[in-house]
Amino acid sequence: QVQLVESGGGLVQAGGSLRLSCAASERTFRNYAMAWFRRAPGKEREFVAAISWSGGFSMYTDSVKGRFTISRDNTKNTVFLQMNGLKPEDTAVYYCAAGTYTRLEHEYNYWGLGTQVTVSS
């Protein structure tokens, strides 16, 4: 059982940056692809970014390409999401997930409780 704890959310002005972190409880973390999803107010949860177990592959939803970067440190059982050029439409609860390298939510077995990101205009 992998437990995931997100941190780094907060309130930021449009154009600003935040770095989210997700710490995993198990060394088996390195066996899983990791992803970030988000749920905006009144909307369904959506895929943001994913990274393969080795860190060699990554993918992003179109709306964050060029602004967000996902990375991982397997020595520290941690995955990161560097978010630059934030926009009000990025406001959401951001969730970390562990599972198979895909954009599909149901392929991720383990989830964190989320961290709130609010971008003011």
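Predicted model: local features only at pLDDT ≥ 70, side-chain atom pairs only at ≥ 80, totals over all residues.
Colleague: Where do I start? How many strands form the open sheet, and in what order?

Modeller: Four strands form it, in the order 1-3-8-7, with antiparallel pairing. Strand 1 (4-7) and strand 7 are the edge strands, each pairing on one side only. From one strand to the next, the twist averages 15°.

Colleague: OK, strand 8 then. Why is it largely enclosed by the rest of the structure?

Modeller: Strand 8 covers residues 78-83, and five of its six residues are buried, so the rest of the structure largely encloses it.

Colleague: How many bridges join strand 3 to strand 8?

Modeller: Six, and the two strands run antiparallel; strand 3 is residues 18-24. If you want a spot to look at, Leu 20 has Leu 81 in strand 8 as its bridge partner.

Colleague: And in what sense do strand 7 and strand 8 pair?

Modeller: Antiparallel, over six bridges, with strand 7 spanning residues 68-73.

Colleague: What about the hairpin of strand 7 and strand 8, how many residues sit between the strands?

Modeller: Four residues lie between them, and in this hairpin Asn 77 takes a positive phi near 50°.

Colleague: Which residue in strand 3 is the bridge partner of Glu 6?

Modeller: That's Cys 22.

Definitions and conventions:
Residues numbered from 1 in each chain as written. Heavy atoms only, no water. Buried < 20%, exposed > 50% of the residue type's maximum accessible area, 1.4 Å probe, protein only. Pairing = 2+ DSSP bridges. Axes fitted to C-alpha atoms, helices over the stretch in contact; angles between N-to-C directions.
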